[in-house]
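Could you look over the model below before we discuss its surface? My notes are set out as numbered points.

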Amino acid sequence: MRTRQPTSATLEDQRIPLRAKLAATWTAFMFLYAYVDILNFFTPGVIKDILDGKVFEFDLSQTFSTTALGLMAIPIFMVVLSTTLPARANRITNLIVASLYVPVTAFNAVGASWLYFYGLGIALELILLALIVRYAWTWPRTVGDHGDHGDHGDQPGP
């Protein structure tokens with residue numbers, strides 16, 4: 001027989017590990033990044049331009065496609081790296097990559113004809129990048145720790 005939980009009971013607020021927050025935020029960034037690109041296909045003239053061999057101002061080529069894949073692969077790998085890198089390298093990598101993606105994300109507004117659509121997509125992506133920078137910047141430290149350098153005892157760190 002089941003007993004009912006009182007409706008006034010306080011829900012337990014479980015702590016989410018920082019690495020999971022970073023991985024989840026990079027995942028959300030990737031979904032948004034990809035979804036904006038997919039929805040872009042519904043913008044008038046885009047498919048025609050693609051069929052004519054153009055994306056924005058760029059000729060469709062192996063170089064363009066390789067560059068686009070590289071730009072998307074970095075955030076994809078950040079999901080993995082955020083959960084596997086040692087703390088110090090993780091923090092630095094997240095700070096650098098998220099900061100570098102701010103201008104990359106802002107560049108998507110150049111020449112955009114649907115400013116509400118692209119503006120919203122870019123704003124949401126920038127919010128996610130700001131969260132990543134905040135999470136990495138405020139990485140928790142233990143008392144007396146100077147980073148994730150494997151020190152034992154009183155050996156000086158790097």
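The points below go from the basis of the model to its overall fold and then to one surface patch.

1. This is a predicted model, in which local features need pLDDT of at least 70 and side-chain atom pairs count only at pLDDT 80 or more, while totals for chains, interfaces and linings use all residues. Residues are numbered from 1 along each chain as its sequence is written, and side-chain values use heavy atoms, with hydrogens and water left out.

2. The protein has five helices and two strands, arranged along the sequence as α-α-β-β-α-α-α; helices (H or I, at least four residues) and strands (E, at least two) are DSSP runs, numbered from the N terminus.

3. Among contacts with a separation of 6 or more, 78% join residues 24 or more positions apart, a contact being heavy atoms within 4.5 Å.

4. Of the 158 residues, 23% count as buried, that is, under 20% relative accessible area, with exposed meaning over 50% and partly exposed in between (1.4 Å probe, protein chains only). The accessible surface comes to about 11,500 Å², and carbon and sulfur atoms hold 66% of that area, by the Shrake-Rupley method with a 1.4 Å probe.

5. Two or more patch residues come from each of α1 (18-40) and α2 (46-51), and α1 gives the most, with three.

6. Phe-41 lies in the loop between α1 and α2, and Phe-41 is partly exposed, with a relative accessible area of 40%.
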